[in-house]
Amino acid sequence: MIRGIDPHSGPDDRQASPLAGLRVVELSDRVAGAYCGKLFVDAGADVVKVGEPGDRPLDLYLDAGKAVGNPDDLHGADIVVITATPGGAARLGVDADVVRAANPAAVLVTISPFGWTGPWAERPATEFTLQGWCGATGFRGVAERPPVSVGGGVGEYVGGVCAAAGALAAWRRAAATGAGDHVDVSLLECMTLAMQSFEWLHLRLMDLPGFARSIEVPSIEPAKDGWVGTSMVTGQQWLDFAAMVEQPKLAEDPQLRLQLARWPRRQEVYDLIRPWFAERTVQEIVETASLFRIPMAPIGNGASIPEMDHFVERGVLRRNPAGFRQPRPPYQIRSVRPHSSQRGSAPTEGGPVDGLPLAGIRVVDFTAFWAGPSATHFLAALGADVVKVESIQRPDGIRFAAGPPAGTERWWEYSWLFHGINVGKRSVTLDLGRPEGADLAKRLVAGADAVVENFSPRVMEAFGLDHDALHEVNPRAVVVRMPAFGLDGPWRDRVGFAPTMEQLSGMAWLTGYPDGAPMAPRGACDPLAGVHAAFVLMAALAQRDRNGEGAFVEVPMIEVALNVTAEQVIEHDVHGIVLERDGNRGPAAAPQNVYACAGEEQWVALAVANDDQWAALRLVLGDPAWAADPALATHGGRRSAHDLLDRELGAWFAARPRDEVVEQLAAAGVPAAPVVLPPAVVSNVQLRARGFFETLDHPHAGPIDYAGLPFARLTGVDRWCRRPAPALGQHNDEVLGGELGLTTDELDRLREAEVIGDWPAGL
């Protein structure tokens, strides 16, 4: 057993191990595969790691609880996880047919940069160059400096959790049908979903003059004693912010309520707000913002995170036997044992036999904004019937992140983010603050398999719909709650969005120019939390299938983020080092940076990950004399000489066309990518070849290229996206009438009373 914490230990002796008995074999040389395996360990599976385990502190974190095995173990597994291209797998002696012949129900999971199909299946890439391809780097930074990537290897963790969720879904189907499958995960697709904000839809649906890199205004600002981050999603939060910083002028200009309008006027905003920040400590600012319900947070790093009172009180960090602290699994599961007097839904009929793994599963979706809807988006694509519950008094707030052409009717139906994460769902509207609305919600839950919500704890409690109330209605349901900070602790009732979590967890600390402020990765925490929630929900369903018991699952967004940034706390504990942001450089490759090519805003991301790639790069460069220095033959030598490399490479790239040089480097086996702006992904030849985009016709917005799941379709599945994102209340009659049995007169009465409807109240 690899040394590490007991993944099943916890403060509650009823902590579940929902995947007990599942056997997973992992053959991985990258974080994505190791993190995928870790998630299965956390959920109670038996995981065997093939080969010698690493001895770095990060390895001890990722591999805790795994057994050490050899290639023969591949043939007795339920799930096999491999991080390799098709050619790489062949060189390892791994044959998918042989693995499946040993166990016809086995699921093979492959994680590679571009997937096993399409013209780029063997193209070299690193997480850094994939950020260039997916648009994550291209839209971050300031115009006078190069674009800047996300630090900390976030894309690897995105790939790991997407692979785990896909594997668990395929295993669910295999358990029912006896036929295994291949989950072919593309890291490019994972990162396109999670590390840019569906910007190809942004330009398709919005009235925008163009697109360029930027940072949020305000985002991370200098306080009297450190950095403090903010995240304002709504116009009301901007008005409250103006009041907090005592600058009514900011509230008087309606244009400034929109983030896009603040960027060109950023210096004006900075001049007004920064004196207020400079006079106050981080703690004073965060406490004041909490009173105004504005999401603000200190900027966390490896030294400060373990001392934050919320994490201490909740026991988020556990001690590894090696001596360092690390975050516990990012969720807590508790079984719900029904009393004999309780009644709930009958066992789900049907199942995945006809194709999709979650066919026959009903999910009631109370989520809003991005994190929660990302979870239910995944479930809907996998075949679940997801009924999204909004209200005309309080539609999903992300519907209002829209700026379509002037005069557009039903403009709230054009939000690019809403479309991106709500494809495949049905929408009903219920005023949950009214008895009739809450009662109908409970009737929906009574016939469901699962419920998901991501409000702050007091919201569902105020409606009388917390997890205890929902389990009174349906004790067999899996109820997933996704509060920002958890259901208890000092920060329980604070508001928090993805940038808040990025700021607190250390993601922002490692992102940005070395001589500048930290930068938010821009939303990665939302889909990360969502896919983690989808994974654990499916695990809890597997447990319910065995024992008939429902479950309560708590998935705090901040704890997901801390699992992704665990290396910062671990490195500080073990070595006393606070990891620092290094712009576009990184510890795993040298040289690694973005370089300007001929023309305006033509950037290339280059990452030399090993000595063979360095030798190949030298040949592409014409083997100049400066590159022949023996000190550059090793990774350490190149890291030490990075300034020299940047000067020489910068001059070489500046004289060459971007796309031509990218193809030249790729042909030589050197990872390189154009640093594209996010909307460019819609024309990416690899994404198109793999069918990543699926077109559906929306009743108001017309044809839209939706993103499916970040792995190839399973056998017998012809598409992931089966219905466009729903219009507000579009399915009221279908669900409330056709399925709950309300009469036409009852539906009309509810519309008249504004308990239901299809038009936001007050508009």
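Q: In this predicted model, which residues touch the most other members of the largest nonpolar core?
A: The largest nonpolar core has 165 residues. Its members are buried, meaning under 20% relative accessible area. Those that touch the most other members are Leu-19, Phe-40, Val-109, Phe-535, Leu-606 and Phe-653.

Q: Which helix gives the most to this core?
A: The helix in question covers residues 525-547. With 14 residues in the core, the one that gives the most is helix 21.

Q: What is Phe-40 in contact with, leaving aside its neighbours within four places in sequence?
A: Contact here means heavy atoms within 4.5 Å. The partners of Phe-40 include Leu-19, Leu-22, Val-24, Ala-45, Val-47 and Ile-79.

Q: How many residues are in the second, separate core?
A: Among the members of this second core are Val-387, Phe-455, Leu-470 and Val-755. The core is separate, and its residues number 29.

Q: Why is the protein as compact as a globular protein of its length?
A: The protein has 30 helices and 23 strands. For 763 residues the globule rule gives 27 Å. The protein is as compact as a globular protein of that length because its radius of gyration is close to that value, at 25 Å.

Q: What share of the residues of the protein counts as buried?
A: A residue counts as buried when its relative accessible area is under 20%. Of the 763 residues, the share that counts as buried is 61%.

Q: How far apart are the mean positions of the positive and negative charges?
A: The protein has 68 positive and 96 negative charges. The distance between their mean positions is 1 Å.

Notes
Residues numbered from 1 in each chain as written. Predicted model: local features only at pLDDT ≥ 70, side-chain atom pairs only at ≥ 80, totals over all residues. Heavy atoms only, no water. Core = buried A, V, L, I, M, F, W, Y, C linked by side-chain atoms within 4.5 Å. Buried < 20%, exposed > 50% of the residue type's maximum accessible area, 1.4 Å probe, protein only. Helix = DSSP H or I, 4+ residues; strand = E, 2+ residues; numbered from the N terminus. Rg over C-alpha atoms; globule rule 2.2 N^0.38 Å. Lys, Arg positive; Asp, Glu negative; His and termini not counted. Charge placed at Lys NZ, Arg CZ, Asp CG, Glu CD.
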